[in-house]
Amino acid sequence: MASHLIEELHWRGLIQDIIPGTREQLERESTPGYIGFDPTSDSLHIGSLIPIILLVHLQRAGHKPIALLGGATGLVGDPSGKSEERNLLDEETLEKNTAGVRKQLEQFLQFDPSHPHAAEIVNNYDWFREIRFLDFIRDIGKHISVNYMMAKDSVKKRLEGESGISFTEFSYQLVQGYDFYWLYTHKQCRLQMGGSDQWGNIVTGTELIRRMAGGEAFAFTSPLITRSDGGKFGKTEKGNVWLDPHKTSPFQFYQFWLNASDDDAAAWIRKFSFLDGDEIEALILGHQREPDLRNLQKRLAREVTRFVHGDEAWRKAVQTSEKLFGGVDSDPASLSEEDLQTIEGVVKVDYSLDKLREGIDVVSLLAESGILPSRGEARKMILNGGISINRRRLDSPALTVDSKWLLHARYLLVQKGKKHYFLLQVR
């Protein structure tokens with residue numbers, strides 16, 4: 001059993017708060033540890049990657065990972081980090097979401113019973129559905145005072161806000177705390193992990209274990225992931241970056257990591273990859289010497305895409321990126337219709353097929369489609385070599401574009417400058 005799990009997580013920047021004695025417990029014996037996942041959707045997004053990665057590290061270090069699906073807590077809603085109460089989900093939706101999340105978690109951990117530290121998935125609805133309300137408030141609620149619960153940051157922030165907090169969400173920390181107690185008594189689980197916004201809920205669980213079972217439990221949290229520019233991690237113009245390839249294509253997923261800033265890439269490759277310290281340090285130093293090559297971002301995108309979607313999806317994402325961004329005059333026919341439709345960061349513009357059938361001068365095309373604000377700007381941009389269509393750099397504003405230019409009889413791929421791409425879809 002690896003003896004330096006906590007040090008490993010520390011240098012990766014994956015530990016914020018930790019209960020004293022946690023390291024000693026993990027070094028003393030193989031310890032079951034859990035993280036909860038609330039099934040608010042039928043897919044996890046990249047905000048859930050750190051919890052998943054923590055479970056993978058735990059298993060690799062010789063401990064048993066337990067993934068808890070919040071079939072019951074999903075009916076309540078966690079107030080942590082929320083300024084307003086979440087919409088409550090019905091049981092049918094929760095069942096569908098739980099099945100989707102379960103399927104995703106199974107691809108990251110070793111669940112084979114023959115594995116010495118086989119992972120396990122549990123659903124807290126399995127034990128909460130048998131508990132009557134009066135029994136819960138009598139047998140569990142009496143152990144935690146209202147003063148204790150109100151002192152937690154997740155509750156205080158809501159009490160100080162305009163919307164307040166309902167009793168439903170106020171009770172969440174007691175419900176989550178009972179999860180830890182149940183896992184302690186039924187699965188010998190002595191460790192809980194989670195994001196730093198979960199600290200109050202987690203220590204409530206350790207307190208229940210102490211008061212109800214006379215036991216000792218441990219925990220640590222990881223910092224919430226932020227972006228160096230202040231933007232919200234995991235968000236793009238299209239919304240969340242999902243782990244489900246049908247919600248976020250592997251190409252879009254790859255592009256998210258590839259477009260990380262230098263500062264973010266240096267921080268994220270520690271957190272989101274399993275590369276060792278020497279290799280990461282060499283990547284960062286190499287990037288500092290030749291930042292234009294963006295090798296750090298490429299390796300980050302490679303590691304995370306392979307982890308989530310596998311080698312084949314990563315290779316295809318790289319191929320699509322090279323086809324699209326591989327330089328002016330590269331062959332546009334190498335881009336499939338699926339490639340064109342799923343390109344991230346490309347503005348899609350509808351345009352009249354009739355006009356292309358008749359033929360239209362390129363200056364008018366650029367101005368009418370809104371790619372450039374005026375005919376004058378379009379002409380100037382072309383003369384400066386700043387416009388390409390279907391990877392062909394234009395050298396004359398007198399060119400006529402017609403339906404023969406179309407890719408797959410439907411598309412024109414227009415590049416303005418170095419980074420701005422437009423996909424004209426004719427109808």
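This is a short walk through one predicted model, from overall build to contacts and surface.

Start with the whole chain. The protein has 427 residues, and 51% of them count as buried. There are 20 helices and 14 strands. Along the principal axes, the C-alpha atoms fill a box of roughly 85 × 45 × 40 Å. Gln-198 belongs to the loop between β4 and α11, residues 199-213. Its relative accessibility is 15%, so Gln-198 counts as buried.

Now the aromatics. The structure holds 18 aromatic pairs. One of them joins Trp-127 and Trp-182, and this pair is stacked: 3.9 Å centre to centre, with 10° between the planes. The pair links distant parts of the chain, 55 residues apart, with Trp-127 in helix α5 and Trp-182 in helix α10. Are these two tryptophans buried or exposed? Both Trp-127 and Trp-182 are buried.

Phe-233 lies in the loop between β5 and β6, and Trp-268 in helix α13, so the pair ties together parts that are 35 residues apart in sequence. Phe-233 has 11% relative accessibility and counts as buried. Trp-268 is at 3%, and it counts as buried too. Both residues belong to one aromatic cluster, formed by Phe-233, Phe-253, Phe-256, Trp-257, Trp-268 and Phe-272.

On to charges. The count comes to 26 salt bridges.

First up, Arg-23 and Glu-27. Their side chains meet at 2.7 Å, N to O. Both residues lie in helix α2, four residues apart, about one turn of the helix. Arg-23 is partly exposed, with a relative accessible area of 33%. Glu-27 is partly exposed as well, at 32%.

Then Arg-410 and Glu-337. This salt bridge has an N to O distance of 3.5 Å. Why does it tie together separate parts of the chain? Arg-410 lies in the loop between β12 and β13 and Glu-337 in helix α17, so the pair ties together parts that are 73 residues apart in sequence. Arg-410 is partly exposed at 26% relative accessible area. Glu-337 is partly exposed at 32%.

Then Glu-303 and Arg-302. The closest N and O atoms of this salt bridge are 4.0 Å apart. The partners fall into separate accessibility classes. Glu-303 is buried, with a relative accessible area of 16%. Arg-302 is at 28% and counts as partly exposed.

And the network. Arg-132, Asp-135, Arg-138 and Asp-139 are linked by salt bridges.

Helix α6 spans residues 133-139 and gives the most to a nonpolar patch, with three residues. The patch is formed by Phe-133, Leu-134, Ile-137 and Phe-167, with about 450 Å² of accessible area together. Ile-137 is found in helix α6. Ile-137 has a relative accessible area of 37%, so it is partly exposed.

Which residues form the negative surface patch? They are Asp-90, Glu-91, Glu-92 and Glu-95. Asp-90 sits in the loop between β2 and α4, residues 91-105. At 44% relative accessibility, Asp-90 counts as partly exposed.

Last, backbone geometry. Most residues other than glycine have a negative phi. Two residues here are worth a look on that score. Gln-188 has a positive phi, near 55°, and is not a glycine. Its place is the loop between α10 and β4. His-408 is not a glycine either, and has a positive phi of about 55°. His-408 falls in the loop between β12, residues 400-401, and β13, residues 411-416. It is partly exposed, with a relative accessible area of 39%.

That is the tour. Questions welcome.

Conventions
Residues are numbered from 1 along each chain as its sequence is written. This is a predicted model: local features need pLDDT of at least 70, side-chain atom pairs count only at pLDDT 80 or more; totals for chains, interfaces and linings use all residues. Side-chain values use heavy atoms; hydrogens and water are left out. Patches are made of residues with over 30% relative accessible area and no salt bridge: like charges are joined within 9 Å, nonpolar side chains (Val, Leu, Ile, Met, Phe, Trp, Tyr) within 5 Å. Accessible areas come from the Shrake-Rupley method with a 1.4 Å probe; for residues, only the protein chains shown count as cover. Lys and Arg count as positive and Asp and Glu as negative; His and the chain ends are not counted. The place of a charge is taken as NZ of Lys, CZ of Arg, CG of Asp or CD of Glu. Helices (H or I, at least four residues) and strands (E, at least two) are DSSP runs, numbered from the N terminus. Buried means under 20% relative accessible area, exposed over 50%, partly exposed in between (1.4 Å probe, protein chains only). Rings of Phe, Tyr and Trp (its six-membered ring) pair if their centres lie within 6.5 Å; planes under 30 degrees apart count as stacked, over 60 as edge-to-face and the rest as tilted.
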